[in-house]
Amino acid sequence: MESKLRVGIIGATGMVGQRFISLLHDHPWYDVVCLAASPRSAGKSYNEAVKGRWAQSIEIPEKIGKMTMMDASNVEEISAMVDFVFCAVDMDKKTIRELEEAYAKAEVPVVSNNSANRWTEDVPMVIPEINDEHLKIIDAQRKRLGTKRGFIAVKPNCSIQSYVPVVNALKKYKPTKVNVCTYQAISGAGKTFDSWPEMVDNVIPYIGGEEEKSEQEPMKIWGKIENDKIVSATEPVISAQCIRVAAADGHLAAVSISFEEKPEVNEVISILNSYSGKPQELKLPSAPKQFMKYMEEDNRPQTKIDRNYENGMGVTVGRFREDNLYDYKFVCLSHNTLRGAAGGAVLIAELLTAEGYITAK
Ligand SMILES: N[C@@H](CC=O)C(=O)O
């Protein structure tokens, strides 16, 4: 890339915003030129705005710490500074939908971590290794919005990022039923053990809205573009239970699955280990080299040991075995704030850049 694209982070102070900063401050294609959040932070330096709340393993990069925060609703001024934005804000859904659409209409591509636009029919919800062909819907979205450059693309919920790749890799065997229980880390709720001490030594069997997302979002990812809309798939049927557990990062899932054509276990393992998609083909900067890794040990993957596989961008799978009710059961793991949030969004932006949807102004 000749010169770096100028990027803004809308919602830079939250847990996902902080992850964006740790991933983007030395990115080969992107230069962070704007940080925005609520009016409360506007006018402060980033250092001041996140004082006592920075929860990343690196120090706040020097240049970023000194940047002056802007008000996220200042769409006109921010749009003039950037080539595109990442958006991860904590607001009600209607406000987020309006905010993202305002940036898109100001000719700024928006790559969003929020759920507000996931069900907008012409907004692609993308896992780059699975449904890169959904980016084609952007032409129809631009027509609706009346834009030349601006559009919205979103990433799905973090809870689905471990099992959807596995089920997708096995699609030729026609999966019919998937029963999943997720064991989700506290960073998914934007928390640490300091800010959520009740979670130490605890398990909470409820995460609002999570089970619906875990059952429905995969169906849009496996959907087809018809008449300028993404029409959701109807199979496999997914039943999900989502549980909050005392882990800092990493969402593990225990899955049972049935197929129309039951595969052999050794075929499954070889398919998972060799699966690759567009990010690997295009050698995108944040792409894991090996997207999925099957672990042979009985006690793997483990959240703490395996969540950083491929810099937190890969999926680890293990214990694929016969089940009494379904054909098979297995466990799988992905990092919720890397692949499941900021990292997944950065990979989408890289794909959009490589495919010519995000360009320099
Ligand atoms: N809603 C999730 C976050 C994923 O995006 C969670 O609560 O873990």
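Visitor: In which sense do strand S2 and S3 pair, and over how many bridges?
Guide: In this predicted model, strand S2 covers residues 30-37. One of its residues, Ala36, has Met70 as its bridge partner in S3. The pairing of S2 with S3 is in the parallel sense, over two bridges.

Visitor: What is the strand order of the open sheet of six strands, and which strands stand at its edges?
Guide: The sheet is open, its pairing is parallel, and the order is S3-S2-S1-S4-S5-S6. Each edge strand has a single partner strand, so one side of each is left without a neighbour in the sheet. The edge strands are S3 (70-71) and S6 (152-154).

Visitor: Which strands does helix H1 lie across, and at what angle does it run to S1?
Guide: Helix H1 spans residues 15-24. The strands it lies across are S1 (5-10), S2 and S4 (84-87). Relative to S1, helix H1 runs at about 160 degrees.

Visitor: How many of the 10 residues of H1 are buried, and what do they pack against?
Guide: H1 is mostly covered, with nine of its 10 residues buried. Among them are Met15, Phe20, Ile21 and Leu24. These buried residues of H1 pack against S1, S2, helix H2 (46-49), helix H3 (62-66), S4 and H13.

Visitor: Which residues of helix H6 are buried, and which elements do they pack against?
Guide: Helix H6 covers residues 138-145, and its buried residues are Ile138, Ala140, Gln141, Arg142 and Leu145. Just after H6, Gly146 takes a positive phi of about 70 degrees. The elements against which the buried residues of H6 pack are helix H5 (93-105), S6 and helix H13 (338-354).

Visitor: How does the radius of gyration of the chain stand against the globule rule?
Guide: The chain has 13 helices and 15 strands. For its 361 residues the globule rule gives 21 Å, and the chain comes close to that, so it is as compact as a globular protein of that length. The radius of gyration is 20 Å.

Visitor: What percentage of the residues in the chain is buried?
Guide: A residue counts as buried under 20% relative accessible area. Of the accessible surface, about 15500 Å² in total, 47% belongs to carbon and sulfur atoms. Of the 361 residues in the chain, the buried share is 58%.

Visitor: How many disulfides are found, and how far is the sulfur of Cys242 from the closest cysteine sulfur?
Guide: A search of the whole structure finds zero disulfides. Cys87 is in none, as its nearest cysteine sulfur, that of Cys34, is 11 Å away. Cys242 is buried, with a relative accessible area of 0%. Its sulfur is too far for a bond from the closest cysteine sulfur, in Cys181, at 7.5 Å.

Visitor: Is Asp201 buried or exposed?
Guide: Asp201 lies in the loop between strand S7 (175-184) and strand S8 (203-204). Its phi is positive, near 65 degrees, although the residue is not a glycine. At 77% relative accessibility, Asp201 counts as exposed.

How values were computed. Residues are numbered from 1 along each chain as its sequence is written. This is a predicted model: local features need pLDDT of at least 70, side-chain atom pairs count only at pLDDT 80 or more; totals for chains, interfaces and linings use all residues. Side-chain values use heavy atoms; hydrogens and water are left out. Two strands pair if DSSP finds at least two bridges between them. Helices (H or I, at least four residues) and strands (E, at least two) are DSSP runs, numbered from the N terminus. Contact means heavy atoms within 4.5 Å. Axes are lines fitted to C-alpha atoms, for helices over the stretch in contact, and angles run from 0 to 180 degrees between N-to-C directions. Buried means under 20% relative accessible area, exposed over 50%, partly exposed in between (1.4 Å probe, protein chains only). The radius of gyration is taken over C-alpha atoms; the globule rule is 2.2 Å times the number of residues to the power 0.38. Accessible areas come from the Shrake-Rupley method with a 1.4 Å probe; for residues, only the protein chains shown count as cover. A disulfide is a pair of cysteine sulfur atoms within 2.5 Å.
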